[in-house]
Amino acid sequence: MTSLVPLGAFIAVSAALFFIGLGGVLVRRNAVVILMCVELMLNAANLAFVAFSRRLGVLDERGSVFVVFVFVVAAAEVAVGLAIVLALYRNRPTVDVDEVTEIKG
Amino acid sequence: MLDVLEPLLFALLAVMLLGSGLVVVLADRITTSALFMAFAFLNMAGMFVLLGAETIAAFQVLIYVGAITVLILYGVMFTPQGARPYGLFFQRQTPVGALVAALAALPTVAVAFAFRDSPSPLPRGGDLSGLAASIFTDFAFPFEVASVLLLAAMVGAIALVKRQE
């Protein structure tokens, strides 16, 4: 039995979520919210990986393997990102990315 | 009965996923954003189950809903919030940012709908055996490199937030 939902629907949801996250990264100024939006974008990419892996799916699970690596990179990214936010907050009490202009050219 | 159930489930998950994604971007309170992010991750796990990737769904719940949400909530706890609650609507970049995202989104979503064919059915036994075979044969070296990356990220995070004595 094949799936009744077309592949394009999954890809469209993935693209829509990706661009919601992108809009958040561009619009929001709180560093922690920006991290959350980056996580949403990574997760949207995971959905596309799994959907396309299903399309070629009888051969192997390579798309899903990439999802596992995306999980690893996302975990590393959020750990280092929060450490940077905390180090920033220690140096000057703000998490607003507009107010951090020390190394602006 | 079953023919209606799957598209219905997909539509429900898609609406909740995109809705909670929008709440993450638009909410004023940062804890609201964080909790709706966790809800979006749960809906994404449902999507993975619908695609037949149960192992990935389990990882999703463990890593995203469990670990990353808790980490983000710690970040919320350690930083001051609510300094600029109006910041979303009264700043210069918002129209430009929204315009750029929308312009890039429209062709992408249009192309995405061009994929008409359905996902293939899974072989019996779920995706775990195929996933494990791929990781421990073809991708064994990247798997080890990923562990080094995690170790480096852990050491880096500790070094970044360590207080200078």
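Helix axes are lines fitted to C-alpha atoms over the stretch in contact, and angles between N-to-C directions run from 0 to 180 degrees. In this predicted model, the axes of helix H2 of chain A (residues 31–55) and H2(B) come within 11 Å. They cross at roughly 5 degrees. Angles under 35 degrees count as roughly parallel, so H2(A) is roughly parallel to H2(B).

Residues from both helices build this contact. H2(A) contributes A:Val32, A:Val33, A:Met36, A:Glu39, A:Leu40, A:Asn43, A:Leu47 and A:Val50. By class, the residues of the contact of H2(A) with H2(B) are 14 nonpolar, 2 polar and 1 charged. A:Leu40 illustrates the packing of this region. Apart from neighbours within four places in sequence, A:Leu40 is in contact with A:Leu17, A:Ile20 and A:Gly21 in chain A. Its contacts in chain B are B:Gly21, B:Val24, B:Met37 and B:Ala40.

The largest nonpolar core has 69 residues. Those touching the most other members are A:Val32, A:Met36, A:Leu40, A:Val50, B:Met37, B:Phe48 and B:Ile72. In chain A, helix H1 (7–27), H2 and helix H3 (62–91) each give two or more residues to this core. In chain B, the elements that do so are H1, H2, H3, H4 and H6. H2(A) gives the most, with 14 residues. The core also draws at least three residues from each of domain 1 (1–80) and domain 2 (126–165) of chain B.

Chain B itself has 6 helices and 0 strands. Along the sequence, its pattern reads α-α-α-α-α-α. Of the 165 residues in chain B, 25% are buried. Among contacts in chain B between residues at least 6 apart in sequence, 57% join residues at least 24 apart.

The domain assignment divides chain B into domain 1 (1–80) and domain 2 (126–165). Their centres, taken over C-alpha atoms, are separated by 23 Å. The contact between these domains takes 5 residues from domain 1 of chain B and 4 residues from domain 2 of chain B. On the side of domain 1 that touches domain 2, there are 2 nonpolar residues, 2 polar residues and 1 charged residue.

B:Leu150 lies in helix H6 of chain B. A residue is buried with 20 or more other C-beta atoms within 10 Å of its own, and exposed with 12 or fewer. B:Leu150 counts as partly exposed because it has 15 C-beta neighbours inside 10 Å. Leaving aside neighbours within four places in sequence, B:Leu150 is in contact with A:Val72, A:Ala75 and A:Ala76. B:Leu22 lies 128 residues from B:Leu150 along the chain. The C-alpha atoms of these two residues are separated by 30 Å.

Definitions and conventions. Residues are numbered from 1 along each chain as its sequence is written. Chains are lettered from A and ligands numbered from 1 in the order in which they are written. This is a predicted model: local features need pLDDT of at least 70, side-chain atom pairs count only at pLDDT 80 or more; totals for chains, interfaces and linings use all residues. Domain bounds come from an automatic or database domain assignment. Two residues are in contact if their C-beta atoms, placed from the backbone, lie within 7 Å. Ala, Val, Leu, Ile, Met, Phe, Trp, Tyr, Cys and Pro count as nonpolar, Asp, Glu, Lys and Arg as charged, and the others, Gly among them, as polar. Helices (H or I, at least four residues) and strands (E, at least two) are DSSP runs, numbered from the N terminus. Angles under 35 degrees count as roughly parallel, over 145 as roughly antiparallel, 65 to 115 as roughly perpendicular and the rest as oblique. A nonpolar core is a set of buried Ala, Val, Leu, Ile, Met, Phe, Trp, Tyr and Cys residues joined through C-beta atoms within 7 Å.
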